[in-house]
Amino acid sequence: MNPSFWDNRYAVADFVFGTAPNDFLRLGAERIPAGPVLCLGEGEGRNAAFLASRGHAVTAVDQSATGLAKARQLAADRGLTLATIVADLHDYPIQPGAWAAIVSIFLHLPPRLRARVYSQVATGLQPGGVFILEAYTPAQLAFGTGGPKEVELLPTLAGLRAELAGLDFVIAHECERDVLEGTGHTGRSAVVQVLARRP
Ligand SMILES: C[S@@+](CC[C@H](N)C(=O)[O-])C[C@H]1O[C@@H](n2cnc3c(N)ncnc32)[C@H](O)[C@@H]1O
């Protein structure tokens, strides 16, 4: 999906995915060591603002300038700041060894780009840094409660294990849960959740 799709989707007063953080990230955040955090495909900033409120210096990357403008405002409303970078992840190299955590929440990339980005995730973490991901799996196509309709955009745990080679998987499962995160994600869903640490 191109930037104008997401710019249009975010060009509303409400936050499409809400202003509260993703449930899995909220639980996993306690395992993030002190240090800077990179949020990939961060959209309107709910997760970045949450992590900034926990004391992290947060950089949010997304292809949507409209989404990131809302992210900066959401953070400012809470007395927080974010670094924001409008970029397609095709063109954004993740700096090696730089991040205490990298976060990917409901970011659904085409397979070749996903493999490239996640191989950079594995090297982009500091030793001890963690990667936190939640995404819809192919089983989500039966639910219709959010996410893309193209099966190739929906990762599996087996595929993520290969793409994230080099990380130790601390939490890694596919499951069903009720995702109630804004109007964009609304009900019983099939997801994969990963929390993985760089040794
Ligand atoms: C479903 S939204 C999730 C937003 C946010 N992570 C959240 O959970 O609220 C997916 C986001 O990924 C971004 N995205 C998708 N493909 C991207 C790409 N190739 N480069 C940068 N951002 C991308 C979209 O612009 C969109 O903001």
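Colleague: In this predicted model, how many bridges join strand 2 to strand 3, and do these strands run parallel or antiparallel?

Modeller: Strand 2 (residues 58-62) and strand 3 (residues 83-86) run parallel, joined by 4 bridges. Within this pairing, V61 stands opposite I85 of strand 3.

Colleague: What pattern does the protein chain follow along the sequence?

Modeller: The chain comprises 6 helices and 7 strands. Their order along the sequence is α-α-β-α-β-α-β-β-α-β-α-β-β. The radius of gyration is 15 Å, close to the 16 Å given by the globule rule for 199 residues, so the chain is as compact as a globular protein of that length. Along the principal axes, the C-alpha atoms fill a box of roughly 40 × 40 × 30 Å.

Colleague: What share of the residues is buried, and what share of the contacts joins residues at least 24 apart?

Modeller: Of the 199 residues, 51% are buried. Among contacts between residues at least 6 apart in sequence, 71% join residues at least 24 apart. The chain exposes about 8500 Å², of which carbon and sulfur atoms supply 54%.

Colleague: Turning to salt bridges, how many does the count come to?

Modeller: A salt bridge is assigned when a side-chain nitrogen of Lys or Arg is within 4 Å of a carboxyl oxygen of Asp or Glu. By this rule the count is 9. One of them pairs E163 with R114, at 3.3 Å from N to O. Since E163 belongs to helix 6 and R114 to helix 5 (residues 111-124), the pair ties together parts that are 49 residues apart in sequence. Both of these residues, E163 and R114, are buried.

Colleague: Are R188 and E176, which also meet in a salt bridge, buried or partly exposed?

Modeller: R188 counts as partly exposed, at 36% relative accessibility, and E176 is partly exposed at 47%. Their side chains meet at 3.7 Å, N to O. R188 lies in strand 7 (residues 185-197) and E176 in strand 6 (residues 168-181), so this pair ties together parts 12 residues apart in sequence.

Colleague: Which residues are linked in a network of salt bridges?

Modeller: The network links D23, R26, R46, E134, R177 and E181. Within it, the side chains of R177 and E181 meet at 3.0 Å, N to O, and both residues are buried.

Terms used
Residues numbered from 1 in each chain as written. Predicted model: local features only at pLDDT ≥ 70, side-chain atom pairs only at ≥ 80, totals over all residues. Heavy atoms only, no water. Pairing = 2+ DSSP bridges. Helix = DSSP H or I, 4+ residues; strand = E, 2+ residues; numbered from the N terminus. Rg over C-alpha atoms; globule rule 2.2 N^0.38 Å. Buried < 20%, exposed > 50% of the residue type's maximum accessible area, 1.4 Å probe, protein only. Contact = heavy atoms within 4.5 Å. Areas by Shrake-Rupley, 256 points an atom, 1.4 Å probe, with all protein chains shown as cover.
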